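Thank you all for coming.

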Amino acid sequence: MDIILWHRILEPYEMAVDELILKFRHMKEEYERCGRYCPIEHVTGRVKSISSILDKMQKKNIPMERMEQDIEDIAGIRIICQFVEDIERVANMISRRTDMEVREIKDYVRNQKESGYRSYHMIVDYEVNTIDGPKKVQAEIQIRTMAMDFWATTEHSLQYKYQGKIPERVGARLSNAANAIISLDSEMSAVRDEIMDAQLSSKMKYSLVEDIVSTIENMYSLTTTREVEKIQDEFYRVYQQDDMEELIRYHDQLDLIAQAYKAQSNRQGEGIKKSED
């Protein structure tokens, strides 16, 4: 197999990774636009390097003609969540989708590996449209918490450094760290509601401020600069109070003021048009 053929084989997997990342990120944005909590914190992806593919084939005695069938993670997507409970929610979201088909599930959250590794893996079939027509490829979607991801990334680096033979003393420390990760995720779950309330409140404040600033900017074309400056000064005063209820009240009041100025501007425009006629 020459290098040109290698890259031709991997191109559909690159398409799959790009499309899946885009779809999961769009899903997150859709939740946020609706003001709902999204269990997806962030999404990354990669196509396995040729070197890594060859290493896996050699380790598992996979013949070249079986590469695409037997290597499930040539295309890899990683979805990071804040809480352990979110992992199942994301898995259910994926299972309900019609643009990918779940082939296999590997639950290393409930069935932790001996090394301490914890993650939820879903092997899916995903179809991409190439210049030669549609092609169905396998992709591995890993779902884990931020704490799990930190541990797994560290463990992977050590596996690479020691070529899969981590010294016993280092392995013991990794095991202790894995137990600490379980404890951390448990503590985070205990305060999950409070964290979610704080995050939603922060997003709501951000949205309100963006809307208020846009409304004030639009008012420059509806009234005098002096009037807009007075309105803006009032906004700064309300914002400094750090009171969400007051900010909501000001936002609603500003909408009424803007509508009144717009109606007045429309009447003046109609009056000018009639006088010209």
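**Sheet, helices and pockets**

Helix H4 (residues 84–95) lies across S2, S3, S4 and S5 and runs at about 165 degrees to S5, where contact means heavy atoms within 4.5 Å. What you see is a predicted model, in which local features need pLDDT of at least 70, side-chain atom pairs count only at pLDDT 80 or more, and totals for chains, interfaces and linings use all residues. Residues are numbered from 1 along each chain as its sequence is written, and side-chain values use heavy atoms, with hydrogens and water left out. Helices (H or I, at least four residues) and strands (E, at least two) are DSSP runs, numbered from the N terminus; axes are lines fitted to C-alpha atoms, for helices over the stretch in contact, and angles run from 0 to 180 degrees between N-to-C directions.

The sheet itself is open, with five strands in the order S1-S2-S5-S4-S3 and mixed pairing, two strands being paired if DSSP finds at least two bridges between them. S1 and strand S3 (100–107) are at the edges with a single partner strand each, so one side of each has no neighbour in the sheet. From one strand to the next, the twist averages 25 degrees. S3 pairs with strand S4 (residues 120–130) in the antiparallel sense, over seven bridges.

H5, for its part, lies across S2 and S5, at about 100 degrees to S5. How do the axes of H5 and H6 cross? Helix H5 (residues 146–161) and helix H6 (residues 168–190) have axes that come within 9 Å and cross at roughly 170 degrees. The two are therefore roughly antiparallel, a term for angles over 145 degrees. Their contact includes Trp151 and Leu158 of H5 and Leu174 and Ile181 of H6.

On a 1 Å grid over the protein atoms alone, a pocket is an open set of points where a 1.4 Å probe fits, with protein on both sides within 12 Å along at least five of seven lines, and lining residues have an atom within 4 Å of a point. Of its 35 lining residues, the closest to the centre of the largest pocket are Lys48, Lys56, Lys59, Asp73 and His156. H5 gives the largest share of that lining, six residues.

Note on methods: Parallel < 35°, antiparallel > 145°, perpendicular 65-115°, else oblique.
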